[in-house]
Structure formats: structure tokens, C-alpha cells
Amino acid sequence: MKKFKDNNIFLLLTAAILMLTGCSKPTDLFDEEAQAKINAVKLLGPIDSRHDWSTIYQGTITVNANAGLDDIVKVQILTEPPFFNSDAKVLNEADAKKGDKVTIKYDAPKTSTQLVAACVSSKGAYYIQVFKPGDAEVSFVQAKSRVTRASGSEAPNITSIKLSAPHKTFNAMRAEAGATCVINGTTYNLWGDGSWANDQVWEPADGNTFDNGWKMDTEKNKGIIYRDIEGFEDGELANIQAITEAFLVKYSGNAKKNNIKLIRESAYFTLNNNYLITDGANPVTLIPIQTYSTEFKWNHVYYYYFKPENIPAGMSEVDYIKQLPKYKAIQVERASTTAASNAGTFFRNKEFLLPFYGDGTPIEGENTASAIFPKGYKVGFMNMKHEENKWNIENCKYGCTYGDGRLNYNVNHIKGHYLTAMDKSIGGSTLEGMQFEDPRIAIFSANGKTYMCFEDGADCNFCDMIIEVGSGTDIVEETPEPEAKVYTMCFEDEPNTADYDMNDLVLQAIRIKDTKIQLSIVACGGNDELWIHGLGSGSSMAAKEIHQHFGYDAGEAFINTQKGKQWVHPYSEVITIDKSLSMEDFLKGITAYNATTKKTLGMPKQGEAPFTIIIPDNFQWPLEGHRISSAYSTFLNWVQNMNQSGDWYLTGNADNLYPIDQLLNNK
């Protein structure tokens, strides 16, 4: 309990109430609620009489566990998609098997406009479906396109394809220039070892039309094989938008977002340097779904393939790949030509086929070809960036970038464009940027599909293009491990004289199962003797005075409310509840008993003083001596109008907040 510093103001306020009411019984007037309200108004301003002090939306939804996974062991409700997204938090989960319908309660921030249901396999793979708070039921998109688009039965009958004369890549042309290779005024000798000398790209040359809707496009030397397809499955677009907005968002505020750390977490990156492995049953196809780059028309996507056992003895894998033929896969302009497509719009209208030309050296003219690769080939990708039919090696924006980062060492040194994305420690311009052998095409999986994302230039956001892998390759499932959502309950231990630093008692709760909640005492900034009630019989947390759980008696120490003091590990207990009980209602059932003042503190009633609040977040409580209104600048907006600044707890003044990372990093 911390006393008011200005008792004169308090006396004036109480006298004013006496004058206004004309009450002859001041003992009736000064009940607990009235005194607490006077104190709160003094420090926080007028309180919205409608205020229920809830920051939480309580929902119930039935989850149809019909996601496209081989098996399902549980369903979850999350705040966001979990793929490469540490902000995704689990609101609740329940055991389930494939085909079950599970009704589950959840507590979400009131500001949420979209939530995520997830099915989880025994291997930890996730399949998600977005829904809106208030929806009664959610089912998962049945991705029929995974079967019907370019399955083995839909493959075109290809026995041979004519190839036009090969063209040297920018790496080969720069190797040929040797010591005289000048790019944007700078002379380079990075290509001088000759390892890139035989690097060539190949394109189909004739204009055949195949069966099953496939056709060859050679207009303006585009050299591609494709077919027209329909758009997204019902509900699929919302999932893709949610995944990319959480993972591959282009901007964070007004600045480009750096996604290189997330790219390095992909299973494809850690397992095999961003290669696809052919399944031997279906054609390998690519489907562009977004081109978010001002230079998207410059991007020409090529592929190459090999089996590691075919690498000649004594030759490194990198040198072997450099001399492999690269075949045209996508002319991006054929699928995306409008300004809308270049502004983050999603589309799906073309599917591009990657023929298998065998393992021999291709020749200009007729070449044996198949629509389906044999099983077990590694397929890699290269993006050659240049304006159509312009091959000027002096242009610093022209170059070849790979999913296999080892092949990007040379191009990542080019000043004025590619070098910009490198980390500042190695001469680049980006804080925590790329290393010279980082990928520029990354591969990840979500919802049973595989995607490629491209970084074509001077930053690290990796959303210049997003391409879905239609079929033909094994899926390496990502296995995210989202943490449970933390809810925080903050008390003032003496409402009548509260200083509103909201740290006299701080509890945090996470739902670890639909019937299990882990409750923790994380801070205690009150001197009074405090007990926790409302946890039921047998609770270890309720069996002792709060300070005693940390080895102190009441009044001896503040727990985790002072900067510079040694942190104290939270005291936790797992409590069993009925699965029909919401997190908010569980917390509202908790009270703090102040044995010093003989007062019981719980959630305030409508319009009362906010001496207890619940926040749906891993909340940073104020330090000693700092009122919550100085720690969170929009808190007063919320107090005075319950419909304003509902997310006030997301932006605080770090100087006035307890450094909660100190707790989290030392668990």
C-alpha cells in the first residue's frame, strides 16, 4: 500500500461531495466504493460510467477437425498463423482426432478482428483456417487443387521439346569479362576463377499445344509451358493473406521489414539449402500468387536439377551446380502485368510446367522430355533479373540469384544494389542483414502446400514474389511451436489510497489445456499482508501469504517491481478447471485479501474504480513510483471512454516499465 502524496486534494474532493449531497451521514457517504472512486477520479480523470474494465472477448466455436493432414491429435485456437511467427499465441486447445467436432472456448483481445483455428498432427505439422470472433463453427479449406491441378493424370503427353540456342547467364558473361568486369563503375574480379564460365540458360522454342490444356508460349521469347487455371479455393485466400501478413509482410511501419531471420528457420533451408525433392508421380509445377516488386517484369525464373550421386568424383557440389543447364520456368510478366499485382494483390491464373530433359547435355533443337521427373531429384531455382532482351553486365541491378545461398556469393558483393541487403558488419547497409552466402529464394510450407518467396534486390523482406509449388515434390512440413497466450491480472492493494502503479500484486495465467491453467505470481509491490482467494481447496498458492512464497514476510521486500534489483522467479501452480470456464471468468473469480486492512479486492463493477484489471497480454507492469498513466500514454483515453484505445497495453514507455524480459530470459 502506498499513501497519497497530496492529501489536501483528497480532502477537497470529499468536502465537495458532502456539499453536493447534503448528506447528514458521512459514514454512509464514505463507503469503500465511493472513496475508491474519488481516489481514481483524482488520479485518472472522469471514469466512463459504462466501463466494464474488460479487454477480452469471450468466444465459443465448434472446430471441425477435417484439415488436410494425415492425422490429427489436437485442435487449437490462436491469435495469428503460427508459421515463422512468434507473435502467434495459443488461446486454448483440446485433444481431437481427424473428423471430430470439438467445441472450445477462447478468450481473445477485444481488438481482434480475425482469429485462427488450427489442426495439429502427431508430428507437429499445422493446418490453419482463419475465422472471425463470433463465428459459431469453422471448417478447413479442402484443397482439392492439390489433387486436381497437375496430378499425374493431368500431365501433358510430352516426348520431346525443341530448345532454342542457349544464352550465357550474367555470371558467365561476367566471368568472361574477367578482370575487366565493371559494374556501376566498380571493377570486380569475383568471377575470375572461371567456375561460372559454362553457366547457360535454355528455353523451349516451338509453339506446341499439348493435351489437358497445356500450351507452349514463345511470344516475345518467353519460352514457357503453362495452362490457365481457376483462382483460390473458397476460404483459401484468407488463409494465404493471413500467413503472409504475419510472416512475409513487406513493411513494418514505414520501413521495409527484415525477414532474413525467419527465412533461416525454414525446414527447407536447414535441411537442404532450399531445394525441392521430386516425388516421381506428378509433374513439377509453379503457380505465381503475388508479385510485390517495382521490377517484377524483370524477373525470369529458371530451374535446374540433379542427383547428388551423379556429381563427378573430385568436383564440389557448388561447382557442379554452376555448370548445370538452367531451364526457363516462369516469365513473370505472363502471369502478372497490372499495377494491382505489383501492390501486394494476390492472384492465381497460370500454372507453369517444369519439364524433365534427362541428365544429358541439352542441344539446340529436339530434346527428349517428360512432364514428370523421376523420383528423388533435387530441384533448385535461380532468378535472373534483367529487362527483356537487355544483357548489359555493367548494370548493377542485373544478376542471377539463387535459393542455394552458396551460389549468391558473387552477386551479393555488387555495390549499389545487392550489397545493400548485406549486414553492416560485412560492408552492407542493413542492420542484421544477409551474409554473402544467404539465400535469395526461400522455400517454406504451410497448410499442406509449399511456397517459394523471392528477394530480388536491395532489402531482406523476401516478398518480391511468392510462388506456390503446385505439385510434383515432397512436402517438408514446418512444425511451429506457438506458446500459450499470457493473461495478466494487476491489483492495487488499497483502492481508497491507490497510487495506480498497478503492481501491488501481479498474476499471470496461461491455458495449457482446456481443463488446465497455470497461474503465476510474478510481482508484488505492496507492503500489506496479502492472500489469494478463489482458487478452491487444496491450492498451494492460497495456503501462504504472497510474500512468503518468495521467502519474505509482508513489508520486507518488493518482488519484481524495482529496476536494478535481482529478479525473483515467479511462483506457479497448475489449477484444474471445467473446460467450459473461460480464462476471463476464471480470473474474475480470483480475489486478493488484504489482511492488513481487512478488505477483499476483486474485479470492479461497471463504472467503478479500476483497482483491478485484466490484460490479454504478457503485460509489462509499471515500476515502483510510476503511475500506469505515465507508463501507458493512452490508458487514460480508455478509462474515460471504454470504446477508445482498447489496445492501450501494447505501447508503453519502457523507462517506466518493469523489464519483463529479465524474467523471461532467466527462467
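Colleague: How do the residues lining the second largest cavity divide into nonpolar, polar and charged?

Modeller: This is a predicted model, and in it that lining divides into 5 nonpolar, 1 polar and no charged residues. The residues are Ile240, Ile243, Thr244, Phe444, Ala446 and Tyr451. Two or more of them come from each of α6 and β25 (441-446), with α6 giving the largest share, 3 residues.

Colleague: Which elements supply at least two residues each to the lining of the largest cavity?

Modeller: Those are α6 (236-247) and β26 (449-454). By type, the lining of the largest cavity splits into 7 nonpolar, 2 polar and 2 charged residues.

Colleague: On to Asp217. What makes it buried or exposed?

Modeller: Its relative accessible area is 7%, and buried means under 20%, so Asp217 is buried. Asp217 sits in strand β13 (residues 215-217). Setting aside neighbours within four places in sequence, Asp217 is in contact with Lys222, Gly223, Ile224, Tyr226 and Arg334.

Colleague: Which residues touch the most other members in the largest nonpolar core?

Modeller: Leu519, Phe586, Leu587 and Trp648 do, out of 82 residues in that core. Strand β31 (residues 516-523) gives the largest share of this core, 5 residues. Looking beyond four places in sequence, Phe586 is in contact with Ile517, Leu519, Leu535, Ile575, Ile577 and Leu581. There is also a second, separate core of 43 residues, including Phe296, Tyr303, Tyr357 and Ile443.

Colleague: How many aromatic pairs does the structure hold?

Modeller: It holds 37.

Colleague: Why do Phe306 and Tyr320 count as a pair, and which kind is it?

Modeller: Their ring centres are 6.0 Å apart, and the limit is 6.5 Å, so they pair. Their planes stand at 80 degrees, and over 60 counts as edge-to-face, so that is the kind of pair we have. Phe306 is in strand β19 (residues 299-306) and Tyr320 in helix α9 (residues 317-322), so the pair ties together parts 14 residues apart in sequence.

Colleague: How do you know whether Tyr320 is buried or exposed?

Modeller: Tyr320 has 12% relative accessibility, and the cut-off is under 20%, so Tyr320 counts as buried. Phe306 is buried too, at 1%.

Colleague: And what makes Phe635 and Trp648 an aromatic pair?

Modeller: They lie 4.8 Å centre to centre, and pairing takes centres within 6.5 Å, so they qualify. With 75 degrees between the planes, the pair is edge-to-face. Phe635 lies in helix α13 (residues 635-640) and Trp648 in the loop between α13 and α14 (661-664), so the pair ties together parts 13 residues apart in sequence. Phe635 counts as buried at 1% relative accessibility, and Trp648 counts as buried at 1% as well.

Colleague: Which residues form one aromatic cluster?

Modeller: Trp53, Phe619, Tyr632, Phe635, Trp638, Trp648 and Tyr649.

Technical notes
Residues are numbered from 1 along each chain as its sequence is written. This is a predicted model: local features need pLDDT of at least 70, side-chain atom pairs count only at pLDDT 80 or more; totals for chains, interfaces and linings use all residues. Side-chain values use heavy atoms; hydrogens and water are left out. Helices (H or I, at least four residues) and strands (E, at least two) are DSSP runs, numbered from the N terminus. Ala, Val, Leu, Ile, Met, Phe, Trp, Tyr, Cys and Pro count as nonpolar, Asp, Glu, Lys and Arg as charged, and the others, Gly among them, as polar. On a 1 Å grid over the protein atoms alone, a cavity is a set of points where a 1.4 Å probe fits but cannot get out, and a pocket is an open set with protein on both sides within 12 Å along at least five of seven lines; lining residues have an atom within 4 Å of a point. Buried means under 20% relative accessible area, exposed over 50%, partly exposed in between (1.4 Å probe, protein chains only). Contact means heavy atoms within 4.5 Å. A nonpolar core is a set of buried Ala, Val, Leu, Ile, Met, Phe, Trp, Tyr and Cys residues joined through side-chain atoms within 4.5 Å. Rings of Phe, Tyr and Trp (its six-membered ring) pair if their centres lie within 6.5 Å; planes under 30 degrees apart count as stacked, over 60 as edge-to-face and the rest as tilted.
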